[in-house]
Amino acid sequence: MEPIRTDLQYFEPTHTIHTSFTERTDAIVPDAEPDIGRILCAYASVNVKDELPQNDRILLSGTVSAVVLFRPDGQDTIRFLQIPLSFAHIEETPGILPESPCFVRCQVADVSASAVNSRKVSVTATLSLEVEVFAESGVSLTEEIDAEGDDALEVLYGSQTIPLLRHADVREYTVLDDVELAGAQGLRLISARGTLRPVSCQSGESQVTLSGEAVLSLLLLDDTGALQPMSQVIPYTQVLDAPGLHASLPTSARLSLRNLDCMLREDGVLSVGLGVRALLLQQGEENIQTVRDLYHLHRILNFDTRDVSLCAYHTDTPFVLESSAILPVVRPAGEILMADGICLSLDTKSASPEARVQVSLLYRDPAGALCAEQQIVSAPLPNLTLPDGARPCDLSARVSASPGSDGNVPLRITVSGDLITQSQVPVRDITALSDDTPRPPLEPAGTTLILRYIHTAVPLWEIGKQYASTAQAIRQANALPDGTDTVADTMLLIPVYAQ
């Protein structure tokens, strides 16, 4: 009589981190540029160089490429400064190992610029950091008892289906493309920001075909000093080597933009280089059989048990939510040039769930003067409902704005993302089993049939275990339908096996 054990391998997230940090630098205005009269606004994108898991910490380094728009002193034209900010951030993460699959999303949550004097600019950038770390895990479970032909052993089996993460891996790739921008001939590219979204993910044996889209927000300047915002969607398909993937399991991808390089030629062709980090996930429904209970008709069983928790992990259908908000502005908005947004967080625990969105607005007032606003707004999400254990990830926001004459700009905000459901599923596991002690006979000796009135609902399994019988024998003795598992408010004949 031996437990038959099976080994189960899977991955589970060990660390989920949401944090932010701030970098600041001062820059001198180049001699070729005029004195600063008034700073209009600042935009920025982040280029991640390294995102390295080490023992008990993650090292993140790179640069923030900031662009500061300003009006020269005594002039009405628009000029800009390109100012880089270097960063090296260490996130203490106890338990992480250098070989741990680590997915990092880093984006600019806020950037601001101020003039120290007419020849010096101070730039401050706040970076939002989202980190998820995975580890390979394994467990050995008893799925069956080898009775070696012993018909007196009764075993109650149970099964449950648990969504397990069967594979987690991080891959990097580069996307290069040349795109012709209509109406961009002769313009200068000032700022480029981008977001990524996966479209499809098809897995083969040890490789995956990933289709995605890069959504670019561009700000250009013509020779008259007028700003022209543009947007461009760049579709792409990438084939990645991914050892360990199973061709039979569905694969999903989470994407992070590590760097974005754009160059606009005079003929209006935009050369784009994207550095992408992809987290590849494979989920599988695992049907796990375990031993819920067991007893012997003639002997007392001694067995050891332990409680095991398995990490159930499931990526739900992406969500899209619509909201509205009001952005207060210093000057009335006559013409909206560009509205952009970054979703910083999603409050799902309060009675009134909402999204915190960093909104960047570029507009002209009724007199034609260029104005800019950057603020964090709260967007109510009354239709947000999350399953138990679900958490949002990979949040993004699209913002559209309407002119307002009273100092308030109406906003329409679309928040999208994915939901990850994660929970610990308890499993009772039998680790050792012995049957060395005879089961004492029922009193009076020689009893083979017992009559009992069952008042409250009791499983037949429990009755059989108590009286050295079986559920099947009780059903037959009482002409109960097959499949009857519980009885109540009835007189029951209980056949007893000979000791």
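Modeller: Helices are DSSP runs of H or I with at least four residues, strands are runs of E with at least two, and both are numbered from the N terminus. By that rule the chain has 2 helices and 23 strands.

Biologist: What kind of model is this, and how are residues numbered?

Modeller: It is a predicted model, in which local features need pLDDT of at least 70 and side-chain atom pairs pLDDT 80 or more, while totals for chains, interfaces and linings use all residues. Residues are numbered from 1 along each chain as its sequence is written, and side-chain values use heavy atoms, without hydrogens and water.

Biologist: How does the radius of gyration of the chain stand against that of a compact globule?

Modeller: The radius is taken over C-alpha atoms, and the globule rule is 2.2 Å times the number of residues to the power 0.38. For 499 residues a compact globule would come near 23 Å, but the chain has 32 Å. Along the principal axes, the C-alpha atoms fill a box of roughly 115 × 45 × 40 Å.

Biologist: Why is Asp436 called exposed?

Modeller: Buried means under 20% relative accessible area, exposed over 50%, and partly exposed in between, with a 1.4 Å probe and protein chains only. Asp436 has 67%, so it counts as exposed. Asp436 sits in strand S19, residues 408-438. Over the whole chain, 50% of the 499 residues count as buried.

Biologist: What makes the contact of Arg24 and Asp26 a salt bridge?

Modeller: The rule asks for a side-chain nitrogen of Lys or Arg within 4 Å of a carboxyl oxygen of Asp or Glu. In this pair the N to O distance is 3.3 Å, so the pair meets the rule. Arg24 is exposed at 55%, whereas Asp26 is partly exposed at 34%. Side chains of opposite charge can pair when their charged atoms come close. By this rule the count comes to 25 salt bridges.

Biologist: Which parts of the chain does the salt bridge of Arg79 and Glu33 tie together?

Modeller: The closest N and O atoms of Arg79 and Glu33 are 3.1 Å apart. Arg79 lies in strand S4 (residues 79-92) and Glu33 in the loop between strand S1 (2-28) and strand S2 (36-54), so the bridge ties together parts that are 46 residues apart in sequence.

Biologist: How do you know whether Arg79 and Glu33 are buried or partly exposed?

Modeller: Arg79 has a relative accessible area of 29%, which makes it partly exposed. Glu33 has 18%, so it counts as buried.

Biologist: Where in the chain do the partners Arg105 and Glu130 lie?

Modeller: Their side chains meet in a salt bridge of 3.5 Å, N to O. Arg105 lies in strand S5 (residues 102-117) and Glu130 in strand S6, so the pair ties together parts 25 residues apart in sequence. Both Arg105 and Glu130 are buried. Salt bridges with shared partners join Arg105, Glu130, Glu132, Arg254, Arg391 and Asp394 into one network.

Biologist: What makes the phi of Asp394 worth a remark?

Modeller: Most residues other than glycine have a negative phi. Asp394, in strand S18 (residues 390-401), has a positive phi near 50°. Asp394 is also buried, because its relative accessible area is 12%. Ala468 has a positive phi near 55° and lies in the loop between helix H1 (460-466) and helix H2 (471-477). At 1%, Ala468 counts as buried.

Biologist: Which residues make the nonpolar surface patch?

Modeller: Leu451, Tyr453 and Met491 make a patch of about 330 Å², an area from the Shrake-Rupley method with a 1.4 Å probe, where for residues only the protein chains shown count as cover. Leu451 is in strand S20, residues 449-454.

Terms used
Patches are made of residues with over 30% relative accessible area and no salt bridge: like charges are joined within 9 Å, nonpolar side chains (Val, Leu, Ile, Met, Phe, Trp, Tyr) within 5 Å.
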